[in-house]
Amino acid sequence: MIELAALYVAPPTLTAHAPVLAIAVPLLGACAAALAPSGRASWVISVIASMVGAWMALAVAGEVMRENVIIYQLGGFAPPAGIALRIDAMGALLALLIGAVGTLGAIFSGHSLVAEVRPEKHTLFQAGFLLAQAGLVGLVYTGDAFNAFVFLEVSSIGTYALVAAGERRDRRALPAAFNYLIMGTLGATFYVIGVGFLYAATGTLNMADMAARLGTLDQSAAVQAGFAFIVAGLGLKAAMFPLHGWLPGAYAHGPSLISLFLAATATKAAIYLMARFLFEVFPDGAAFGEAFLDWVLAPLAAAAVIICSAQAVFSSELRRMIAFSSVAQVGFIFLGFSIASADGLSAALFYIVAHGLMKATMFMALGGFAISVGARRLNDFAGIAREAPWTALAFAIGAASLVGTPLTMGFLAKWQIIEAAIASGRVWMVVVMAAGSVLAVIYVGRMVEVMFFREAVPGAPRAKESPIGVLVPLLVLAGLSVWFGIDASLPQQLAQSGAAGLFTVRP
Amino acid sequence: MTAPILDANFALNVALLLMLVVLAFAVVRTRSLLAAILLLTVFSLVSATWLMVMDAADVAFTEAVVGAGISTIVALGAILLTRGEVVRVNWKRQVVPGLLAVIVGGMLIYAVSALPDFGDPASPANSHVGRSYLETTKHDIGAPNVVTAVLGSYRGFDTLGETVVIFAACIGVALMLGFGPRATLAPAVDTLGDHHVVLRVVAKLLIPLIILFALYVQFHGDLGAGGGFQAGVIMAVAIILHALVFGLRDTMAAVPARVARTVAVLGVVLYAGVGIVCIANGGGFLDYDYLFTPQVEAMIPPGLLGDPDHVHHWGQHFGILFIELGVLMTVAATMVTIFYGFAGRTVDAIEARART
Amino acid sequence: MNWLAAHFNYVVVVILMMAGLFIVFSTGNLIKRMIGLALFQTSTGLFYISLGKVSGATSAITLDATSVDGKALAAQLDPAYVERFGVDGVVYSNPLPHVLILTAIVVGVATLAVGLAIAVRVREAYGTVEADEIEALSRVTAEQAEPAP
């Protein structure tokens, strides 16, 4: 049982500035990595900067459990004139996820980049990777709507080129990255238009100030348009069905490190921002808000679960299957949101962490296989468990969490959403989740069956066990899914505190 | 609500907007990529004029240099490299987007009619935070240009993010196109007796003036329109002009790609470094009032800036100066790097075409 | 008529946005899509600036009301208007949208540069920048078994 409020990982002076250091340290690390003399040196910088960033995120998490909300003024000016970081338990949880996956991914990158990215690009790649981390943490910590856009783009612009860097292995990474860029930029621009409408109505950009002012206004068409654009824009970034077209390509063809990082963090940060707007900025009494959740978000989420799970079943390339599965799992998260209760939101947040960890594990395991073998289609992975047992074991643990096997975090996550759905009388949701889980068992079952129970094709290149530099972060990631499945106190307290905070603010 | 004042200003606004609509439709209809890019350039220039009519001097400046300048250069480089000339038109593909555009446009026009009147000084947007900047800048920061004060100090964290975005673009383009190393193998431009004598002489006269102008824009950013972004792009344009007239090889000898990359990094480090120094001196991140320790402030002779009672403005003044310098470095170096990336590959494309 | 004058800017901005969006979704040429995206992003900027304009105002660069320029501006306006909406005797336009759009323009050009760079690499890898041709070639790549590197 870990009590975050009792956790002091840094001296008080450092903790006071930890929110901004969690952003600034990866940023300065990116600068150092860009100038590094060799790929190895840039890798070392990347690992150190990610670790310090994660440490700062942990310090912030502890502080948030003690103080409830941390407000850090930037530039010394109080909001709304100045920009302030506003961190509650929900934001702290997301930042911890980003820090953890970023650090483990950075360690993994030492071997992965050598196999997948051209050698002269390694320093730039690490710099881009650290920039993406800094951008995502900034997005999650900020309390200003336009500042959120800026950091959203900081993380995205680097990521588009990072996805394209997978072209050495698979030239389809290039059009996939281009498509991702178009959709991502459209999403960000829609978001800016939405913020423009809200600014026109309230005169402020600070989200807490906006919430207070919107509560006193009647819901004009301008406010509704702002709402629609913000949700559409963030929906594009979060790969909400039916705006998910860019995701399968980007996940399937980019480098393994980027697939694992994006799957675990990028879409989740957009979902986090959407939750902020849905539950905090827009007032409780907004009739269109409730109608939206029940009649638009919930059906789309259900469609995502069923349709994308089915698409995963029928895919032939392994990484594409996992990508479709990601969209389906995001549907689960949105189902939790649409329940619009503290339990539903808390369950959805918990699911975000569970999904992040399980997908990161699966993609990292595939990256481990990719170091020795260029297999793409599911059937080419036949019998790989015999050649690379530890990597396959980690993959299996991630897959088990995906399906919701007891003793994994995925099981607890699914259980919590089901409980919240039943408590609010939405039994149809339980049916949808059950159907989605059955489909998940089918496609995961296919993967496990091919890897573990089939004979390797004679004449096919033999895979090798992943090197230690890959096995360590991989097994840690897999272990986290199991640890939090048994003792979920660390993410649970943050998720519950965050959800409670959002649902008691409203009268 | 106050109705908009229908004066010459408004008439100009209407005329320019109608020109923009015509240009936009021309871009939609044209099948030639070169025409589309040049139309977009004209669009940017007309937008810049419109922005001046809207009292947005800094934005007009930025739109002119960035939209009409850098975007055009990069886009022209792209069509040269992709040998793109004509766009294929597929009529079936246009039906659904056309319907969507009309429907969404209609809904948006309905939403937009609920907005406050154009030019209304009492609208929420113009009376809350925006207006407070006009009232408090003189006391807090002391710079006449309120836009620079907001950009550099009140919302300085946003500007740091923006600088990092430019740096990310530098890294992204370098990842995709490299630094043009093969350009150093390009043949030297033959400078004797060719057609471009006038161009070369004029360029030699203009380039130092352009750089001087960039520095002027940089350091007068808080007094008039200007600032780091505009200055950075203008400085990059001077270097690009040199490359266009004298050849990439000579330019890369003068401003090597490695130097450009280092300067871009140092710009971001300078900006973030200013923030860290403020923390070290006891304030918050980017809180310029803590930029100088009391010992340093004591060394500055009072009355130097002309208002002895606003001592705490020193931190603000120098803080904005340093971060704008960081922005200048990153922006100029990134634009040069992007140009090298595209231009470096052009050399390959031309050589490949010559070989076939 | 009054409605048109009061909302003309916004209507035009909507038309420009839809034009940009139409280009992005209706064409398969990668370069033209980036141009449409740039058009879309620029018109978003025009939206914000229209929000911040104040009738009869001047740029948000502090002006002395007693100077020649200040007096010329004040002469064109109703003194009660200047009294109510001016700061120290001069009416300024809202500076906040200007700051935001400065940022947005820069983000736009950054995106344009990266997007065009990726498009150039696509051309080198596929020999074309038309989306349907790329898709056809990608299917060919998928069908070929990928051997070990």
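Here are some exercises, with worked solutions, on a predicted model with several chains.

**Exercise 1. Get to know chain B.**
Work out how many helices and strands chain B has, and what share of its residues is buried.

*Solution.* Start with the secondary structure: chain B has 14 helices and 0 strands. Reading along the sequence, you get the pattern α-α-α-α-α-α-α-α-α-α-α-α-α-α. Next comes burial: of the 356 residues in chain B, 52% are buried. Finish with the contacts. Take those in chain B between residues at least 6 apart in sequence, and 74% of them join residues at least 24 apart.

**Exercise 2. Decide on Ala64(B).**
Is Ala64(B) buried, partly exposed or exposed?

*Solution.* First find the residue: Ala64(B) sits in helix 3 of chain B, residues 57-82. Now count: there are 19 C-beta neighbours inside 10 Å of Ala64(B). Being buried takes 20 or more, and being exposed takes 12 or fewer. So Ala64(B) counts as partly exposed. Then look at what it touches: leaving out residues up to four places away in sequence, Ala64(B) meets Ser44(B), Leu45(B) and Ala48(B). For a sense of scale, Tyr288(B) is 224 residues from Ala64(B) in sequence and 31 Å from it in space, C-alpha to C-alpha.

**Exercise 3. Follow helix 6 of chain B.**
Find which residues of helix 6 of chain B are buried, and what they pack against.

*Solution.* Begin with the list: Val129(B), Gly130(B), Arg131(B), Tyr133(B), Leu134(B), Thr137(B) and Asp140(B) are buried. Then check the partners. Within chain B, these buried residues pack against helix 5 and helix 7. In chain C, they pack against helix 2 and helix 5. Last, step past the end of the helix: just after helix 6 of chain B, Gly142(B) has a positive phi of about 85°.

**Exercise 4. Compare directions in chain C.**
How do helix 2 and helix 5 of chain C run relative to each other?

*Solution.* Two packed helices are described by the angle between their axes and the distance between the axes. Here the axes of helix 2 and helix 5 of chain C come within 10 Å and cross at roughly 180°. Angles over 145 degrees count as roughly antiparallel. Therefore helix 2 and helix 5 of chain C are roughly antiparallel to each other. Their contact has 17 nonpolar, 8 polar and no charged residues.

**Exercise 5. Take apart two contacts.**
Work out what chain C brings to its contact with chain B, and what chain B brings to its contact with chain A.

*Solution.* Chain C puts in 72 residues, and chain B puts in 87. Helix 5 of chain C gives the largest share of chain C's side, 21 residues. That side splits into 48 nonpolar, 19 polar and 5 charged residues.

Now go to the other contact, with 46 residues from chain B and 48 from chain A. Helix 8 of chain B gives the most to chain B's side, 14 residues. By class, that side has 28 nonpolar, 12 polar and 6 charged residues.

**Exercise 6. Locate the largest nonpolar core.**
How many residues does the largest nonpolar core have, and which have the most contacts inside it?

*Solution.* The core has 408 residues, and those with the most contacts inside it are Val60(A), Ala177(A) and Ile118(C). Domain 1 (2-53 + 94-143) and domain 2 (60-92) of chain C both give residues to this core, so it lies between them. The C-alpha centres of these two domains of chain C are 38 Å apart.

Note on methods:
Residues are numbered from 1 along each chain as its sequence is written. Chains are lettered from A and ligands numbered from 1 in the order in which they are written. This is a predicted model: local features need pLDDT of at least 70, side-chain atom pairs count only at pLDDT 80 or more; totals for chains, interfaces and linings use all residues. Two residues are in contact if their C-beta atoms, placed from the backbone, lie within 7 Å. Helices (H or I, at least four residues) and strands (E, at least two) are DSSP runs, numbered from the N terminus. Ala, Val, Leu, Ile, Met, Phe, Trp, Tyr, Cys and Pro count as nonpolar, Asp, Glu, Lys and Arg as charged, and the others, Gly among them, as polar. Axes are lines fitted to C-alpha atoms, for helices over the stretch in contact, and angles run from 0 to 180 degrees between N-to-C directions. Angles under 35 degrees count as roughly parallel, over 145 as roughly antiparallel, 65 to 115 as roughly perpendicular and the rest as oblique. Domain bounds come from an automatic or database domain assignment. A nonpolar core is a set of buried Ala, Val, Leu, Ile, Met, Phe, Trp, Tyr and Cys residues joined through C-beta atoms within 7 Å.
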